[in-house]
Amino acid sequence: MLNRRDFLGKFTLLSTALTAPSFLVRSIKAAQAKGLANAQLGNPNRILVVIELAGGCDGLNTVVPYTNDVYYASRPELALQQSQGLLTLDSTHAFHPAMTGFHELYSELGGLAVVQGVGYPNPNRSHFRSMDIWHTAEPDNVATDGWLASYFDQNPQGGSLQGLNLGGRVPRAMVSDGGASPSIQNIETYQLQTDPRYPADTPNKNAAFQELLSEPQNRFPFQEFVTQTVLDATVSSIQLLEGRENYTSTVEYPQTAFANNLRSIAQIIAADLGVTVFYTSINGFDTHANQIVGGNNLVGTHSALLGDVSQSVKAFYDDMKEMGRDEDVLIMTFSEFGRRLSENGSLGTDHGTANQMFVIGTPVAGGMYGSQPSLSNLDPVGDMIYTVDFRSVYASVLANWVGADPAQVLGANWLDPQLSFV
């Protein structure tokens, strides 16, 4: 007969990551606070979706300064011309032609804010260090707690799925000494993996497993906590699989991994499990070479990525609209840095500094925020000088959307009244 130890050793489940010994200090069940911290804002169902454009997106070919002579002089091969189908935003800026979904959100639906010139003091051009800075909201010191994890720790809402990452490992933004959010590849894998030869017996095995875990646990230190964490994961996976029945949609998503992640988020929102923050990412923006192909600056890696992001986010927005949840969902994108003003010799761009962030959703007051950094007055390295601190964007989302005190989460009050996009 299979004993408890063997049983626990044999199951496979994607669940909460144990990231540090201090994680064991806190029980997931410790704070069952009633109501959401943002209930005071009039909507207790608010959801934040954070999208990471990993690698350092070329902001100048994303939101194109199409009237700037320095832009064209610095990029004889990569610069995008207005005659190539740029999607106009105002008298000086336009979206890359591949960004039709974003342009519709901006110009027709009014639900997209472009925050220009975002960065931080003393920029770091290392992927790893810069990403740490964005994830911890701490440019000056090496920090351990992610900014979203700090929000979770200071605003407990109960339940083990307050935050959830779709695809890949848990981002540092969702990790702290207090714990980490779960990360799942997809809904199908977020469950107890039973013998596929006997699918009809899966419910019985799930029930037996939960009953085993519900017994007192005293064999080793923190066993009760670890067992409760696993039990929470199995229960939430069952709730998620059952909750998928609430999801029906006529929206067609692009056939990409990133779009599938967003569709999974839509399914989880329909399941109504109480997740308040979702996180997902799309890789490939580190375009040192072959940013364009065959001399056509409308074709290549960057164009394909922008098309994927733009159309996938638009499909997700349409899905929320069809579901009747578009008033509840805010999307925020970021990338760890922008690219250099000047193109390199490999039809690409190297690591730079200031970039854009996008804030998207029905509640968003669309438009242009911040200011485009000067392309003539560059820093000593030859990069643009940021005009908006990224922590100000975080602070606006925290204070005006999720209803948290940004000073508590970010360590200082970074609220900027000019960033009133929500």
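The model is predicted, so local features need pLDDT of at least 70 and side-chain atom pairs pLDDT 80 or more, while totals for chains, interfaces and linings use all residues. Residues are numbered from 1 along each chain as its sequence is written, and side-chain values use heavy atoms, without hydrogens and water.

Let's start with the sheet. Strands are DSSP runs of E with at least two residues, helices are runs of H or I with at least four, and both are numbered from the N terminus. Two strands pair if DSSP finds at least two bridges between them. Three strands form an open, antiparallel sheet in the order β2-β4-β3. β2 (63–64) and β3 (87–88) are at the edges with a single partner strand each, so one side of each has no neighbour in the sheet. Two bridges join β2 to β4 (residues 94–95), and Val-63 sits opposite Phe-95 in β4.

Now for the spaces. On a 1 Å grid over the protein atoms alone, a cavity is a set of points where a 1.4 Å probe fits but cannot get out; a pocket is an open set with protein on both sides within 12 Å along at least five of seven lines; lining residues have an atom within 4 Å of a point. Grid points join across faces, edges and corners, and a volume is the space filled by probe spheres set on them. There are five cavities of 30 Å³ or more.

| Space | Volume |
|---|---|
| Largest cavity | about 70 Å³ |
| Largest pocket | about 620 Å³ |

The largest cavity's lining includes Gly-59, Arg-339 and Met-384. For the largest pocket, α4 (127–136) is among the contributors, giving the most, five residues.
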